[in-house]
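These are my notebook entries on one chain, written while I went through its model. I kept them in the order in which I looked things up.

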Amino acid sequence: KAMIHRAMLVSDRLVIPVSAIVDCRDLIVQVLYDNGPTLKEEYLHFIRPMLPKTFKGGAEGSLKVDRFRRPILDYRLHCASRGSEFSHSDISVKLIEEIDNFYVSHPELIYWVDAVEVSPIYEKRLQTLLKSKEAINHLKELHNVKESEVEEVMNCMNEFSRLLSQNKTTFSRSQFYHFGNIFMFDDWPRERFQGFYNEILGEFSEEQRKSLLDSRDQILSKPWIYSQVVKDIADAPQKTCLSLEYKLNLCLDD
């Protein structure tokens with residue numbers, strides 16, 4: 001709410017992923033509806049929902065989200081519930097429908113992203129970062145941790161990144177949030193991570209797979225040391241690979 005108020009004061013706008021707009025109870029109920037029955041449309045003028053042009057997944061294959069008649073509502077009904085980050089929050093579809101009505105009337109506010117174009121940039125910049133000595137020194141000083149601890153994180157993330165590349169998987173920041181178990185309300189313990197990425201991990205031998213998962217367990221065992229390091233590494237390429245526009249403040253959490 002504070003960031004929205006700031007945007008209103010300085011005529012700025014926030015880009016917020018559609019996943020939050022359709023599945024974050026705090027944002028929808030407490031902020032956009034102010035714990036009441038009425039949608040605060042004055043807030044929506046300063047929020048640009050970020051939607052992917054296409055959505056891949058499920059029996060229907062690729063869906064052209066940018067052709068949906070009701071983009072936010074249809075995304076909630078046809079895409080979000082099949083996404084790995086969807087937490088099935090107890091939110092009335094009627095609330096989402098009201099938000100969608102606003103953006104149907106103001107389509108210029110929707111921020112469309114082509115994941116096919118963004119993903120290779122993210123992958124390239126992430127892999128460059130994971131090999132950077134300057135990044136190690138910066139993270140060590142920023143978080144007051146040992147160089148060996150930063151290297152441990154980067155080596156493990158690099159192995160996971162290599163697996164994604166071998167599998168020709170579209171890169172996204174969410175994958176590395178899964179890796180570091182840093183989604184605030186979505187837990188990714190070893191069993192869930194291994195199950196979700198089973199096909200990709202199958203590219204490794206059993207010994208290599210065990211080594212990667214054990215290294216990840218070690219990182220997850222000390223979140224006070226490693227979580228922010230993982231987040232900073234995952235965030236940095238994301239913040240620089242989306243196009244910026246005048247008076248647009250990116251508030252990203254895909």
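Which hand, left or right, does the crossing of H9 and H10 have? I looked this up and found the crossing of H9 and H10 to be right-handed, where a crossing counts as left-handed if the near helix is turned anticlockwise from the far one by less than a right angle, and as right-handed if clockwise.

Entry 1, ground rules. I note that this is a predicted model, in which local features need pLDDT of at least 70 and side-chain atom pairs count only at pLDDT 80 or more, while totals for chains, interfaces and linings use all residues. Residues are numbered from 1 along each chain as its sequence is written, and side-chain values use heavy atoms, with hydrogens and water left out.

I found 14 helices and six strands in the chain; helices (H or I, at least four residues) and strands (E, at least two) are DSSP runs, numbered from the N terminus. Of the 254 residues, 43% count as buried, with buried meaning under 20% relative accessible area, exposed over 50%, and partly exposed in between (1.4 Å probe, protein chains only). Among contacts between residues at least 6 apart in sequence, 68% join residues at least 24 apart, a contact being heavy atoms within 4.5 Å.

I read a packing angle of about 135° for H9 and H10, with their axes 11 Å apart; the axes are lines fitted to C-alpha atoms, for helices over the stretch in contact, and angles run from 0 to 180 degrees between N-to-C directions. That angle makes H9 oblique to H10, since angles under 35 degrees count as roughly parallel, over 145 as roughly antiparallel, 65 to 115 as roughly perpendicular and the rest as oblique. H9 brings Cys156, Met157, Phe160, Ser161 and Leu164 to this contact, and H10 brings Gln175, Phe176 and Phe179. I sorted the residues of the contact of H9 with H10 into six nonpolar, two polar and no charged, where Ala, Val, Leu, Ile, Met, Phe, Trp, Tyr, Cys and Pro count as nonpolar, Asp, Glu, Lys and Arg as charged, and the others, Gly among them, as polar.

I then checked how far H10 (residues 173–180) is covered, and eight of its eight residues are buried, so the helix is largely enclosed by the rest of the structure. The buried residues are Arg173, Ser174, Gln175, Phe176, Tyr177, His178, Phe179 and Gly180. H10 is followed by Asn181, which has a positive phi near 50°.

I noted the crossing of H9 and H13 as left-handed. On the H9 side the contact is made by Glu152, Val153, Cys156, Glu159, Phe160 and Leu163, and on the H13 side by Leu212, Ser215, Arg216, Gln218 and Ile219. The residues of this contact divide into six nonpolar, two polar and three charged.

S1 runs parallel to strand S2 (residues 47–52), and four bridges join them; two strands pair if DSSP finds at least two bridges between them. Ile16 stands opposite Pro49 in S2.

Most residues other than glycine have a negative phi. I therefore looked at Asn35, whose phi is positive, near 55°, and which counts as exposed at 57% relative accessibility. Asn35 sits in the loop between helix H3 (25–32) and helix H4 (41–44). Glu98 belongs to helix H6 (residues 93–105) and is partly exposed, with a relative accessible area of 28%. Leaving out residues up to four places away in sequence, I found that Glu98 touches Tyr33 and Leu39. Glu98 and Thr38 are 60 residues apart in sequence and 9.6 Å apart in space, C-alpha to C-alpha. Thr128, in helix H7 (residues 115–129), is exposed, with a relative accessible area of 51%. Thr128 and Asn158 are 30 residues apart in sequence and 9.9 Å apart in space, again C-alpha to C-alpha.
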